[in-house]
Amino acid sequence: MRRECLLLSALGGCGGDANRQISDLKFKLAKSEQEITALEQNVIRLESQVSRYKSAAENAEKIEDELKAEKRKLQRELRSALDKTEELEVSNGHLVKRLEKMKANRSALLSQQ
């Protein structure tokens, strides 16, 4: 208190008014310290939240890359299956024509007998 009075005496004395000013300043200091603590806790909470979001975003990007790779693989397999289907349809068409020719030849042979 003595030190505070010395400081306040330079400002105009150490009376009741000065004591009220000291109390007001102490209250403002305590309030400011509480606000600083609350803000620091808020910063810690937000940094933690940013970390979680960053981790989730990285994980989502990894999953996205895996899905893109899987999609490319499935598209290759689909193209291959469609090519094979077309090849089998062409082959089937040739075989059907050969079978029709063989049936026609057999009918012709049977009719000659």
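Predicted model: local features only at pLDDT ≥ 70, side-chain atom pairs only at ≥ 80, totals over all residues.
Trainee: How many helices and strands does the chain have?
Mentor: The chain has 2 helices and 0 strands. Both kinds of element are DSSP runs numbered from the N terminus, a helix being H or I over at least four residues and a strand being E over at least two. Helix 2 covers residues 16-112.

Trainee: What share of the chain is buried?
Mentor: Of the 113 residues, 4% count as buried. Buried means under 20% relative accessible area, exposed means over 50%, and partly exposed lies in between (1.4 Å probe, protein chains only).

Trainee: And how much accessible surface is there?
Mentor: The chain has about 10,400 Å² of accessible surface, with 57% of that belonging to carbon and sulfur atoms. Such areas come from the Shrake-Rupley method with a 1.4 Å probe, and for residues only the protein chains shown count as cover.

Trainee: On to charges: how many salt bridges are found?
Mentor: A search of the whole structure finds 4 salt bridges. The term means a side-chain nitrogen of Lys or Arg within 4 Å of a carboxyl oxygen of Asp or Glu. Side chains of opposite charge can pair when their charged atoms come close.

Trainee: Which residues are linked in a network?
Mentor: Asp17, Arg20 and Asp24 are linked by salt bridges. Between aspartate 17 and arginine 20, the closest N and O atoms are 2.7 Å apart. Aspartate 24 meets arginine 20 at 3.4 Å, N to O.

Trainee: How accessible is arginine 20 itself?
Mentor: Arginine 20 counts as partly exposed, at 47% relative accessibility.

Trainee: What does lysine 68 pair with?
Mentor: Lysine 68 forms a salt bridge with glutamate 64, their closest N and O atoms being 3.6 Å apart. The two residues lie in helix 2, 4 residues apart.

Trainee: Which residues form the positive surface patch?
Mentor: That patch is formed by Arg72, Lys73, Arg76 and Arg79. Patches are made of residues with over 30% relative accessible area and no salt bridge, like charges being joined within 9 Å and nonpolar side chains (Val, Leu, Ile, Met, Phe, Trp, Tyr) within 5 Å. Arginine 72 is partly exposed, with a relative accessible area of 46%.

Trainee: Which residues gather in the patch of negative charge?
Mentor: Glu58, Glu61, Asp65 and Glu66 gather there. Aspartate 65 is found in helix 2 and is partly exposed, at a relative accessible area of 48%.

How values were computed. Residues numbered from 1 in each chain as written. Heavy atoms only, no water. Lys, Arg positive; Asp, Glu negative; His and termini not counted. Charge placed at Lys NZ, Arg CZ, Asp CG, Glu CD.
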